[in-house]
Amino acid sequence: PAPPPQPADVPMPDAPSADAPAPVASAPTPPAAVEAPVAAEPATVEPPPDAPAPPVKPPLEPEVSAEVSKDPPSELPIPTPDEARLLYTPGTAVEVTSFEDGLRGSWYRASVVAPPSVAGTVRVRYAVNGANGPEEEEVAANRLRPLPPDLSTSEIKPLLSRGDALELFYSQGWWDVVVVELKKSNLVVLAPEYDKKHTVTAKALRPRWVFDLSSRRQDPSSEGWALRLGGRAFTLAEWREKAAA
């Protein structure tokens, strides 16, 4: 037999030189982006004609806010020197407020000791004795007000409503509160300056009278007093008319 054919000589590639650059590997081709399927919108199902209407939810009662105004003392009514001399003669019973932390929103009874000074201050003696007996203090005239009108509990109780601004007799003074809840025999009130609730009877409360010097100048019959009860505002003259009716 004939011998098998010999393979042809295949030329071998030359070996790379020592200083030849290394081959760069080509980056793989990224896969094609696949679009996400679009969700179909749900079909609207109409209720049958005889289906009952859904129940109506009752409206929620608004919360009584504990936020209070932080107006600076300069925004309280400041009497003119003539008004101060007329309002705050020696021996006059007054109420004194404070701008200090822990006493804001309170009114304490006192009496005028001396006429108002040129600087606009008034010396008063508090009705509540301190640790060492009667205490006196020189206070700015805009921290004072005359004694507010006296209203009996029977006059204001029928008009009270949630959110009314009142004053609570507490720790020998009157403190700003708002009505949170009306119960059969008592009320729950909130002291907004201190975010503290009290459950009290109506006898411990009085209207939050506002003494406004500007209205007193315009309408002397109001004597500068106004209040709000049952969501309605009254001047002193309007309240007297209502009480007389």
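Reader: Is Arg206 buried or exposed?

Author: Arg206 is buried, with a relative accessible area of 12%. Buried means under 20% relative accessible area, exposed over 50%, and partly exposed in between, using a 1.4 Å probe and protein chains only. This is a predicted model: local features need pLDDT of at least 70, side-chain atom pairs count only at pLDDT 80 or more, and totals for chains, interfaces and linings use all residues. Residues are numbered from 1 along each chain as its sequence is written, and side-chain values use heavy atoms, leaving out hydrogens and water.

Reader: Where is Arg206 found?

Author: In strand 10, residues 205-207. Strands (E, at least two residues) and helices (H or I, at least four) are DSSP runs, numbered from the N terminus.

Reader: Which side chains make polar contacts with Arg206?

Author: Glu95, at 3.0 Å, and Glu167, at 2.6 Å. A polar contact is a pair of N or O atoms within 3.5 Å; within protein, one must be able to donate a hydrogen and the other to accept it, and residues adjacent in sequence count only if both atoms are side-chain atoms.

Reader: What about salt bridges, how many does the structure hold?

Author: The structure holds 13. A salt bridge is a side-chain nitrogen of Lys or Arg within 4 Å of a carboxyl oxygen of Asp or Glu. One of them joins Arg145 and Glu95, with the closest N and O atoms 3.0 Å apart. That pair links strand 5 (residues 144-146) to strand 1 (residues 93-97), 50 residues apart.

Reader: Which residues do shared partners join into one network?

Author: Arg145 also forms a salt bridge with Glu167, at 3.3 Å between the closest N and O atoms. Salt bridges that share partners join Glu95, Arg145, Glu167 and Arg206 into one network. Arg145 and Glu167 are both buried. Glu95 counts as buried too, at 4% relative accessibility.

Reader: And Glu83, which residue does it form a salt bridge with?

Author: Arg217, with the closest N and O atoms 2.7 Å apart. Glu83 lies in helix 1 (residues 81-87) and Arg217 in helix 3 (residues 213-218), so the pair ties together parts that are 134 residues apart in sequence. Glu83 is buried at 13%, while Arg217 is partly exposed at 45%.

Reader: New topic. Which side chains of strand 12 are buried?

Author: Trp225, Leu227 and Leu229, which point to one face.
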